Amino acid sequence: MLALFAANMRQLRKYRQLSQEDLADLCDLDRTYISGIERKRRNLGIRNIQRIADALDVDPRLLLDPLLHQDPHYLS
């Protein structure tokens, strides 16, 4: 689950053309925390999942959707 979340978050972040720092600012989280998530080194709490989803303007369920990770055109 952590690897899927990390891959989807990164894909959505890039789709929105945000740097890790930009996303961190939008979430009010530290950039190193965002980096740690993407590198699968951080475990997330439910509140931070919601903060990230809000910052990316998506339903939190999308961050765990395997189709997003499998199909790069899923968002198009």
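Me: Why is Asp57 called exposed?
Reply: Asp57 has a relative accessible area of 63%. Exposed means over 50%, buried means under 20%, and partly exposed covers the range in between (1.4 Å probe, protein chains only). The value of 63% is over 50%, so Asp57 counts as exposed.

Me: What kind of model do these values come from?
Reply: The model is predicted, so local features need pLDDT of at least 70 and side-chain atom pairs count only at pLDDT 80 or more, while totals for chains, interfaces and linings use all residues. Residues are numbered from 1 along each chain as its sequence is written, and side-chain values use heavy atoms, with hydrogens and water left out.

Me: What makes Asp28 buried or exposed?
Reply: Asp28 has a relative accessibility of 62%, so it counts as exposed. Its place is the loop between α2 and α3. Phi of Asp28 is near 60 degrees, again a positive value in a residue other than glycine.

Me: How do you know that Arg10 forms a salt bridge with Glu38?
Reply: A salt bridge is a side-chain nitrogen of Lys or Arg within 4 Å of a carboxyl oxygen of Asp or Glu. For Arg10 and Glu38 the closest N and O atoms are 3.7 Å apart. That value is within 4 Å, so the pair counts as a salt bridge. Arg10 belongs to helix α1 (residues 2-15) and Glu38 to helix α3 (residues 31-38), so this pair, 28 residues apart, links distant parts of the chain.

Me: What are the accessibilities of Arg10 and Glu38?
Reply: Arg10 is at 38%, so it counts as partly exposed. Glu38 is at 9%, so it counts as buried.

Me: What makes the pair of Glu38 and Arg13 a salt bridge?
Reply: The closest N and O atoms of Glu38 and Arg13 are 2.6 Å apart, and this is within the limit of 4 Å, so the pair qualifies. Glu38 in helix α3 and Arg13 in helix α1 are 25 residues apart, and the pair links distant parts of the chain.

Me: Why is Arg13 called buried?
Reply: Arg13 has a relative accessible area of 7%, so it falls under the limit of 20%. Leaving out residues up to four places away in sequence, Arg13 touches Leu18, Ser19, Gln20, Leu23, Glu38 and Leu56, where contact means heavy atoms within 4.5 Å.

Me: How many salt bridges does a search of the whole structure find?
Reply: The search finds 4 salt bridges. One of the pairs is Asp59 with Arg61, whose closest N and O atoms are 2.8 Å apart. Asp59 is partly exposed at 37%, whereas Arg61 is exposed at 67%.

Me: Which residues meet between α1 and α3?
Reply: Phe5, Ala6, Met9, Arg10 and Arg13 in α1 meet Ile34, Ile37 and Glu38 in α3. These residues divide into 5 nonpolar, no polar and 3 charged. Ala, Val, Leu, Ile, Met, Phe, Trp, Tyr, Cys and Pro count as nonpolar, Asp, Glu, Lys and Arg as charged, and the others, Gly among them, as polar.

Me: What is the angle between α1 and helix α4 (residues 46-56), and what is it called?
Reply: The angle is about 25 degrees, with the axes 10 Å apart. It is under 35 degrees, so α1 is roughly parallel to α4. The contact is made by Phe5, Met9, Leu12 and Arg13 of α1 and Ile49, Ile52 and Leu56 of α4.

Methods. Helices (H or I, at least four residues) and strands (E, at least two) are DSSP runs, numbered from the N terminus. Axes are lines fitted to C-alpha atoms, for helices over the stretch in contact, and angles run from 0 to 180 degrees between N-to-C directions. Angles under 35 degrees count as roughly parallel, over 145 as roughly antiparallel, 65 to 115 as roughly perpendicular and the rest as oblique.
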